[in-house]
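Biologist: Thanks for sitting down with me. Could you walk me through the ligand site and the helix packing?

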Amino acid sequence: MSYTMRVLKETKEKNPGQPEFHQTLTEILPTLQPYLDEHQECEEAGILERIVEPERQVIFRVPWVDGSGKVQVNRGYRVQFNSAIGPYKGGIRFHPSVTLDTIKFLGFEQIFKNSLTGLPIGGGKGGSDFDPKGKSDREVMAFCQSFMNELYRHIGADTDVPAGDIGVGAREIGYVYGQYKKITGLVNGTFTGKALCYGGSLVRKEATGYGLVYFAEQMLASLKTTFEGKRVVVSGSGNVAIYAAEKAAQLGAKVLTFSDSNGYILDPAGVDIETVKLIKEKQRGRISEYVHHCKGAEYFDKGIVWQVPCDVALPCATQNEINEEHAKALIKNNCLAVAEGSNMSTTLDAVEQFQKSGILYAPGKAANAGGVAVSALEMAQNSSRFFWSFEEVDKKLQGIMQSIYRQVSDTAEHYATKNDLVAGANIGGFIKVCEVMLLQGVI
Ligand code: NDP
């Protein structure tokens, strides 16, 4: 049995009942074999056995009092996966579906993603099964403060720097950072995704979505085409979806859809992004409300955006949102490229369909790395007490996404096939972490 298959088997056995963690291991580990065949020293140093085991996992109680005076208890997590190349870095997710399994899969992906950015950041992730949806601001604040009453002792500007993710936007970051500051007395860059008025970076809000489109632009360029005139289908209607759609539209594409966990809207004239921002960012409403603002648009509470014919598909909601059947629909409708804004958007059998069909497919760890890249730029600005203009940060983001694309496609060409961006991203992200782990000894 090969080194990667042995570690895959052992790690699955050691971590029963964690299907999402198993899924990311199954996607990543086997693709590393060609590199490991050339570097026997990795097996001798137990690199894989170490990289699949988080350096530290913290699980904690989060008690808080709701608006009716009732005590609620949620569970909080922070998984500090790998700090070989820098402080742990990765978002915090608040969603009722969050378990240790979710946080481990996200944290493992984050190691490779952060390495691909070329910036000195290790991998981690955190969150809670708390659902901010339908809660008052006061309830969200009470929860965030309690969450931080435990988390603060595990994080720091030079050790572990959380950010946002599903359910954690500017409001939640404000509350958790405020409590962190209150407890520690420190005003520093322990969180990224902060509002501009207290240390945030320009372009951080837009970074994941814009970065996704800059990456997809490179994919289209490899087919000698551009976003101009393309039909783009977007899922989700949160932070990543909105800014991916905005950038695609700026590049001349027509964005047809947005969705949430209840249904999706289709606007044949091209979605009006400002209306979506108004509904989602200002009113905290549901995407179904879009049809009351824009004539000609339709709302569907059945079906899925992947059935809508398109040239480019940008999944921006959550993991496993594209299954085999959805992949087949995209292929049948002659979609050219799928780039993941959400983490692990695609099930393993759907990835297989994409790879068999020849459609261009980019995994999230490469395509959505723009968010964490600009987070690292926020950390740099916080340390230096300097601020860069929107144009400066946006230019750096573009440069980083282009460089990730080159690194991923060159690595793919060397170790697999040119368009195997899955192998390219996995091996490309692995190499630096592996080299550093070898240099730092068995720790
Ligand atoms: P938001 O919370 O802003 O938005 C999430 C969107 O996805 C909402 O429209 C939500 O709908 C929808 N969604 C969430 N869960 C489900 C589900 N189970 N089924 C259907 N729809 C769902 O999150 P973000 O935009 O920040 O994150 C989206 C994805 O991008 C995640 O996978 C995240 O890990 C990834 N990502 C985010 C980064 C960032 O910088 N924010 C960086 C890199 C990756 P509803 O309101 O109904 O729940």
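This is a predicted model: local features need pLDDT of at least 70, side-chain atom pairs count only at pLDDT 80 or more; totals for chains, interfaces and linings use all residues.

Biologist: Which polar side-chain atom lies 2.4 Å from an oxygen atom of the ligand?

Modeller: A pair of N or O atoms within 3.5 Å counts as a polar contact. The backbone takes part through Gly 167, with a polar atom 2.9 Å from a ligand oxygen, and through Gly 341, with an N or O atom 3.4 Å from a ligand oxygen. The side-chain atom at 2.4 Å from an oxygen of the ligand belongs to Ser 261.

Biologist: Now the helices. Are α9 and α10 oblique or roughly parallel to each other?

Modeller: Helix α9 covers residues 204-222 and helix α10 covers residues 239-250. Their axes are 7 Å apart, at an angle of about 50°. Angles under 35 degrees would count as roughly parallel, and α9 and α10 are therefore oblique.

Biologist: How do the residues of the contact of α9 with α10 divide?

Modeller: α9 passes α10 in a right-handed crossing. On the α9 side the contact residues include Lys 205, Thr 208 and Tyr 210, and on the α10 side Tyr 243, Glu 246 and Lys 247 are among them. The division is eight nonpolar, four polar and four charged.

Biologist: Is the crossing of α16 and α17 left-handed or right-handed?

Modeller: Helix α16 (residues 370-384) packs on helix α17 (residues 390-415) at about 135°, with the axes 10 Å apart. That angle makes α16 oblique to α17. The crossing of the two is right-handed.

Biologist: And how many residues of that α16 and α17 contact are charged?

Modeller: α16 brings Gly 370, Ala 373, Val 374, Leu 377 and Gln 381, while α17 brings Val 393, Lys 396, Leu 397, Ile 400 and Met 401. Of these, seven are nonpolar and two are polar. The number of charged residues is one.

Biologist: Last pair: is α6 oblique or roughly perpendicular to α18?

Modeller: Helix α6 spans residues 100-116 and helix α18 spans residues 421-440, with axes 8 Å apart. The angle between them is about 80°, and values from 65 to 115 fall in one class. That makes α6, relative to α18, roughly perpendicular.

Notes: Residues are numbered from 1 along each chain as its sequence is written. Side-chain values use heavy atoms; hydrogens and water are left out. Axes are lines fitted to C-alpha atoms, for helices over the stretch in contact, and angles run from 0 to 180 degrees between N-to-C directions. Helices (H or I, at least four residues) and strands (E, at least two) are DSSP runs, numbered from the N terminus. Angles under 35 degrees count as roughly parallel, over 145 as roughly antiparallel, 65 to 115 as roughly perpendicular and the rest as oblique. A crossing is left-handed if the near helix is turned anticlockwise from the far one by less than a right angle, and right-handed if clockwise. Contact means heavy atoms within 4.5 Å. Ala, Val, Leu, Ile, Met, Phe, Trp, Tyr, Cys and Pro count as nonpolar, Asp, Glu, Lys and Arg as charged, and the others, Gly among them, as polar. A polar contact is a pair of N or O atoms within 3.5 Å; within protein, one must be able to donate a hydrogen and the other to accept it, and residues adjacent in sequence count only if both atoms are side-chain atoms.
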